[in-house]
Amino acid sequence: PPRPKRNPPSHRCNRRMSHKNTYSYKVRLGHWWEDEELEETRLKDFRARKAVGQLLIHQTQAKFQHMLKSADLSLTGDGYVHYGDTVILTNQQTDAVLASDISDTFTIDERNVCAVTGTPHKDPTVRTALMIARSPSMPDDGDSVLRFGSRFCLVTHPELTPEPMFISSLVGTLQSSSRYSHNQLVYTAPYFDGQRSTWKAIHFDPQVRFETEGEPVPANTLLMVQHVQSGVPLACDHVMYRNDFGVEKEVCCRSSLDNHRAETAVNHWAFSMMESGECESPKADGGNGEEEEEGAFQGDLPTDQ
């Protein structure tokens with residue numbers, strides 16, 4: 001005969017019902033007093049930081065307001081780039097503009113440096129505007145025009161940080177390289193780092209590169225920016241770089257060659273400046289930076305740095 005069914009033991013029922021809350025929300029269990037005090041302390045701390053503007057949202061808004069402040073580009077009267085001009089570097093491959101992010105920091109040689117990316121925003125801002133400075137290794141011969149092969153420095157806008165910062169690059173090693181593509185690192189240093197912070201402009205066409213050595217660098221025209229220490233050109237490709245400003249492009253130093261051993265659009269840049277027709281009230285000197293305001297950047301670096 002079939003065996004009679006038995007009711008499950010009581011402990012099995014308790015085990016099955018243990019996951020259910022059999023108490024009302026008004027019942028206080030455990031260390032309920034400590035939990036209420038902790039919640040009240042967190043609320044007081046939140047209100048105190050909100051009153052003085054120390055919340056993360058306030059810091060982010062202040063950073064955006066400072067770094068996205070509009071900047072004025074220099075006016076090119078003769079069509080060439082001069083020392084002391086304010087420009088933006090635009091890449092042909094990604095159509096991105098070279099930008100500094102002083103909130104994204106890391107360490108090189110036990111010093112804090114900042115990241116460099118390519119932003120899709122074309123409007124000149126404090127984080128994208130750069131100033132052309134004469135390299136201390138170049139003698140001052142009185143010529144204010146930037147020429148192909150001449151060494152120069154890329155200095156950040158004076159409103160970005162109290163002290164000038166320099167676009168620099170470090171020869172790639174196992175310990176230091178670009179974040180995603182692992183190529184030669186490009187960063188912004190709060191100090192002049194010698195050959196690491198020195199660049200030169202060369203023609204983008206290798207067939208006429210030798211002939212154009214020493215000629216003036218035209219504004220709003222494709223060229224290449226080569227790192228002096230390593231001899232590797234500046235590059236920007238479609239490599240995503242996520243930061244507080246959204247999805248931007250990674251900037252590094254590498255040679256991108258086609259089948260004819262010529263550099264591709266990844267290495268092609270342009271010094272974007274304002275032209276005469278884009279400015280309603282151009283300067284009397286043609287916008288070459290010869291008559292600057294008192295205390296303004298003159299395009300020369302002190303040689304003792």
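## β8 and its partners

Strand β5 (residues 151–156) pairs with β8 in the antiparallel sense, over two bridges. Strands here are DSSP runs of E with at least two residues, numbered from the N terminus, and two of them pair if DSSP finds at least two bridges between them. Within β8, K200 is the bridge partner of R151.

β8 also pairs with β9, again in the antiparallel sense, this time over four bridges. Here W199 has H227 in β9 as its bridge partner.

## What the model is

This is a predicted model, so to speak: local features need pLDDT of at least 70, side-chain atom pairs count only at pLDDT 80 or more, and totals for chains, interfaces and linings use all residues. Residues are numbered from 1 along each chain as its sequence is written, and side-chain values use heavy atoms, with hydrogens and water left out.

## The loop with Q207

Go from β8 (199–202) towards β9 (222–227) and you'll find Q207 in the loop between them. Is Q207 buried or exposed? Q207 counts as exposed because its relative accessibility is 69%; the cut-offs are under 20% relative accessible area for buried and over 50% for exposed, with partly exposed in between (1.4 Å probe, protein chains only).

Q207 and A262 are 55 residues apart in sequence, yet their C-alpha atoms are 9.0 Å apart in space.

## β7, covered on both sides

Strand β7 (residues 184–189) is mostly covered, with six of its six residues buried. Q184, V186 and T188 point one way, L185, Y187 and A189 point the other way, and all are buried.

As for pairing, β7 runs antiparallel to strand β6 (residues 166–170), and five bridges join them; L170 has L185 as its bridge partner in β7. L185 also has a bridge partner in β11, namely C252, and β7 and β11 (residues 246–253) pair in the antiparallel sense over two bridges. Two bridges join β7 to strand β3 (residues 111–119), also antiparallel, and there A115 has Y187 as its bridge partner.

## T90 in β1

T90 sits in strand β1 (residues 86–91). T90 counts as buried because its relative accessible area is 13%.

What does the side chain of T90 make a polar contact with? The partner is the side chain of S272, at 3.0 Å. A polar contact is a pair of N or O atoms within 3.5 Å; within protein, one must be able to donate a hydrogen and the other to accept it, and residues adjacent in sequence count only if both atoms are side-chain atoms. Setting aside neighbours within four places in sequence, T90 is in contact (heavy atoms within 4.5 Å) with residues including D95, K122, H268, W269 and S272.
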